[in-house]
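Dear colleague,

I am passing on the structure we spoke about, together with some notes on what turned up when I went through it. Please read them alongside the coordinates and tell me where you would look further.

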Amino acid sequence: MKLKITCLFFVLFAGISHAQENKAEVVKELIGDLVTIESADLNENSPISSINKLAYEQASKSIVLTKDNIQESLNEAKAYKSVILTVGVHTIVVVNDLLKSKMSGSWGCKMPWGKGYIQKGSLKFKEDFINNIIGIPDTQRRMMFLFK
């Protein structure tokens with residue numbers, strides 16, 4: 001009986017460890033070469049937190065997004081090659097098409113198309129207009145990283 005419990009614990013631990021490793025790889029694949037990542041730089045438990053730090057250091061410009069500045073920030077993003085958005089340490093989005101947009105009532109402007117992941121235990125993929133990925137304006141910290 002003890003051996004069965006030990007084996008079960010080992011299998012569960014290995015599965016959890018593997019899932020965490022996959023989170024880091026999934027996020028790395030999403031952002032491609034936009035952010036330079038050394039393997040030691042990516043926190044396997046919270047890869048989005050690591051990307052926040054690295055993107056802040058490497059982006060041409062970083063903007064804290066609010067309902068008041070999002071329209072101006074999205075207009076400014078058109079002058080850049082790539083855009084990454086993060087919400088706290090649980091959501092990451094790469095904006096795919098700044099021209100494909102839809103009006104958002106909660107944000108009060110047209111929001112572009114993107115794809116990304118929301119971390120709720122595991123990473124959940126979502127491809128949609130970004131307001132449907134980053135949520136409604138609230139007190140969470142939303143960052144926009146612009147890359148030339």
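This is a predicted model: local features need pLDDT of at least 70, side-chain atom pairs count only at pLDDT 80 or more; totals for chains, interfaces and linings use all residues.

As for the overall make-up, the protein has four helices and six strands, which follow one another from the N terminus as α-α-β-α-β-β-β-β-α-β. Of its 148 residues, 42% count as buried, and the protein exposes about 8700 Å², of which carbon and sulfur atoms supply 55%. Among contacts with a separation of 6 or more, 57% are between residues 24 or more positions apart.

The six strands make up an open sheet with antiparallel pairing, in the order β1-β6-β2-β3-β4-β5. Because β1 (61-65) and β5 (122-129) stand at the edges with a single partner strand each, one side of each has no neighbour in the sheet. From one strand to the next, the twist averages 30°.

Within this order, β2 (82-87) pairs with β6 as well, in the antiparallel sense and over six bridges, where V87 has R142 of β6 as its bridge partner. Side chains in a regular strand alternate between the two faces of the sheet. In β2 both faces are covered, with S82, I84 and T86 buried on one side and V83, L85 and V87 buried on the other, so that six of the six residues of this strand are buried. Further along the sheet, β3 (residues 91-104) and β4 (residues 109-120) run antiparallel and are joined by 10 bridges, among them the one that links S104 to C109.

Helix α2 (residues 47-58) lies across β1, β2, β3, β4, β5 and β6, and runs at about 50° to β6, whereas helix α3 (residues 70-77) lies across β1, β2, β3, β4 and β6, and runs at about 90° to β4.

Strand β4 also holds Y117, which counts as buried because its relative accessibility is 16%, under the 20% limit. Leaving aside neighbours within four places in sequence, Y117 is in contact with V26, L30, I48, H90, T91, I92, L123, K124 and F125. The C-alpha atoms of Y117 and T91 are 5.7 Å apart, although the two residues are separated by 26 residues along the chain.

Finally, the aromatic side chains deserve a look, since there are two aromatic pairs in the structure. One of them is the edge-to-face pair of W113 and F129, with 5.0 Å from centre to centre and 85° between the planes. As W113 lies in strand β4 and F129 in strand β5, this pair ties together parts that are 16 residues apart in sequence, and both residues are buried. The face of W113 also has K100 lying over it, at 3.8 Å from the ring centre, and K148 lies over the face of Y80 at 4.8 Å from the ring centre.

With best regards

Notes
Residues are numbered from 1 along each chain as its sequence is written. Side-chain values use heavy atoms; hydrogens and water are left out. Two strands pair if DSSP finds at least two bridges between them. Helices (H or I, at least four residues) and strands (E, at least two) are DSSP runs, numbered from the N terminus. Axes are lines fitted to C-alpha atoms, for helices over the stretch in contact, and angles run from 0 to 180 degrees between N-to-C directions. Contact means heavy atoms within 4.5 Å. Buried means under 20% relative accessible area, exposed over 50%, partly exposed in between (1.4 Å probe, protein chains only). Rings of Phe, Tyr and Trp (its six-membered ring) pair if their centres lie within 6.5 Å; planes under 30 degrees apart count as stacked, over 60 as edge-to-face and the rest as tilted. A charge sits over a ring if NZ of Lys or CZ of Arg is within 6 Å of the ring centre and within 35 degrees of the ring normal. Accessible areas come from the Shrake-Rupley method with a 1.4 Å probe; for residues, only the protein chains shown count as cover.
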